[in-house]
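Student: I would like to learn how to read a few features of a protein model. Please take them one at a time.

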Amino acid sequence: MAGLDPLKIGNKLKRQQQHQKTKKAKESTKRDERFKRRRHEDKNPELREARLAKNVPATIESKRTWDDANADDAAEGRLGLSVDVLHAKRRKVEDEEKQVPEEINPEDHVGDVEDDEEPAAVGGLEPGVNGDEDEQDELDSMLGSDDSDDEAEANAKLDPPDRDASEAPSAATSAATATTDLNHTPDALIARFPSLFNLDPDISPKVLVTTALNSTLHWEAQLLTSLFPGSAYVRRTAHFRSYKYSVREICSYAANQAYTHVVILNEDRKKPKGLDIVHLPNGPMFHFSISNWVEGSRLPGHGNPTNHYPELILNGFRTPLGLLAAHLFKSLFPPRPEIQGRQVVTLHNQRDYIFFRRHRYVFRDKRGTEKSIQGTDGKLMKGVEEIRAGLQELGPRFTLKLRRVDKGIQHMSGQEWKWEAGAEKIRL
Amino acid sequence: MASDEIVWHYINQKHCSFKLKLPGNSSTHQKSTKSNFCRNEHNVTGLCNRQSCPLANSRYATIRSDPTTGRLYLYIKTTERAHLPNRWWEKIRLSSNYTKALQQVDERLIYWPKFLTHKCKQRLTRLTQVRVRAQRLAKEDERLGERIVSRMAPKIRRREETRERKAEAAAKIERAIERELVERLRSGAYGDRPLNVEENVWKKVMRGLERSQEGVRDEELDEGVEEEYEYEREPGEEEAEAQVEYVSDIDGESDEDGEGDMEEFDDWLGGESAEEADSDDEEGASGEEDEEGPSGEEDDDSAALKQKLESLKRKRPSAPAAPKARKKPSKGPKVGIEYEYVPEPQQRVMEVA
């Protein structure tokens, strides 16, 4: 009677055989059920939709808890808060449904960022008007994703009551990777960093690429010049006894020469480790750490870039800090892309990791074996069912993570925002 | 005094804790062939000698620096205090002016054996040089502004690597890119005759758009019907974008919300639905698109976006005019063509080359 208690069979061989049998049986019943369900749902697609709508898998993005959005905080344009700037309205709807105070206000971050006095009567979270809307004739492909730290990720003080799919759209998953709309930046933030946000669409960026002192990443720095149109790479002082120009001096020289940005590539044992981007003339300085730098030639099926101005896709920047970073990236590239070059640079922010990719694309007919393109919520895109976009990856790919934002140039000028390892969790 | 001899005898012959014997250099190539060193901090030369040993000399003098302030002090040990070891060393602060310090040493150690004064002054010189060089380095560091970034703790580094991997898996970057590019193409951000598409592909897209537009236009007649239809379908329908507020408004959920939504909607359109009075197209079109087929609230967005683009970039009188002329008076909602489409929640203002 091997089936009595299969785990308690003493004979190992018999036990294994029995286990395999039960496993097979279980799996085959599951399979049968699945196929039956599929047959049902093929006949009746509404069933499938209902099932999918009911069984939405929980993702990290959907579990994200947001900070309390005080009007004054948002009005000041603080960077530390994890506030979904672009979807404030949606969250209000969700609040009404939940009737549960949704957000947690982590104390450590409230204290972290300095308060600038913004006489802001603006409800900064309103995704409403921005005067820049008309000015920014540029490709705004940034949808809300959070670039700031995932604080309260795992912790919710109160369990949300079980409810069906809310009327507020299941934006969590879709919004997490949706393209950011740059227009919805809160005014207070714009006021704090005017040069970053109010970009003149006629000014082409001029980028000065350099490395840290005593660095050997000359080839990688040259790659960066191919990446940013209108950029030049200048080496650091090599000789042991010569005068070493400091970053501040370099920035002042660059500002005099009408450069718009200085990009500094940091090194760790012959590999790119970090990227410091200074927004001239004395603008904020952004420190990113680089991981997984892969050169173009190492990518399978790669292409070679031309010097057409690329289009820009900025995905997933949702919070004020995210929007700041997104605008920085936008300012690094020429505002009017040459679409005949069919090149696109993507900065996709997912869970605070910004994935940098460069592709050459082509719009082509869908092959018979391919599926159609789905929108962010799984429904097919209308009007373009027969179209797919083929992508060929060019040039380097790497991952950035924002670590620090300095108010001026270098650490001494004070920090706007700083990444802290301990802040990723909230310990009660 | 007499005990000095005894102490030295023991230290030299038997054992001294401070003594350090190192293999000396060969005299042919190196200047210094010394091999016996003294690690005592009060030793003025650093070598293990009868004259240099601070333990075996009851009268002794050294120069030492204060690590925090960088000041130099003259330490003097006299025979009179030989029986009070905790008061052996008399600490005299020297002037930071080098010449003055030299004079101070001279006057303090007057009548002392030449050896000690000489060595003290040598040590003073050396320590001042060290201090000057340290200050210079500190200033240079400050100018360069570079700080040592400590290594990331291995636990955190590993955690971040894992998270990055998972984030990349969750991101589906290429799909997102493709979606975005096709969305731009569809919404017309590339203009009338885009340079990055082939003819036949673009024609397909245009046809698809026109089909949807046509559908919209036909519903113009059935405004009332459409609204009700939408209304019925709403509760069960699941939206995936911010314009749900618009939907809620129709539901009559709350007036303030509705107000806010309308404002938002208007603002988002840049107030163009109000402003642009010149083009009937837009008003008519937006009116039409407001009442679209069952699946259609979302089409508002794309359509409205198109309106905005048209107004901002180039007037495309042909496009909206032509379909309008082609308007067929079909009755009823186009239920047959059900495009389950939900556009992106947010709108973009696209930059056209």
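This is a predicted model: local features need pLDDT of at least 70, side-chain atom pairs count only at pLDDT 80 or more; totals for chains, interfaces and linings use all residues.

Tutor: Residues are numbered from 1 along each chain as its sequence is written, chains are lettered from A and ligands numbered from 1 in the order in which they are written, and side-chain values use heavy atoms, with hydrogens and water left out.

Student: How many aromatic pairs does a search of the whole structure find?

Tutor: A pair of aromatic rings is described by the distance of the centres and the angle of the planes. Rings of Phe, Tyr and Trp (its six-membered ring) pair if their centres lie within 6.5 Å; planes under 30 degrees apart count as stacked, over 60 as edge-to-face and the rest as tilted. Over all chains, the search gives 10 aromatic pairs. One of them is the stacked pair of A:Trp293 and A:Phe398, with 5.1 Å centre to centre and 10° between the planes.

Student: Are A:Trp293 and A:Phe398 buried or exposed?

Tutor: Buried means under 20% relative accessible area, exposed over 50%, partly exposed in between (1.4 Å probe, protein chains only). Both A:Trp293 and A:Phe398 are buried.

Student: Why does B:Leu116 count as buried?

Tutor: B:Leu116 counts as buried because its relative accessibility is 5%. Its C-alpha atom is separated by 8.4 Å from that of B:Ser52, 64 residues apart along the chain.

Student: Which rings are linked into a cluster?

Tutor: Ring pairs join A:Tyr243, A:Tyr245 and A:Tyr253.
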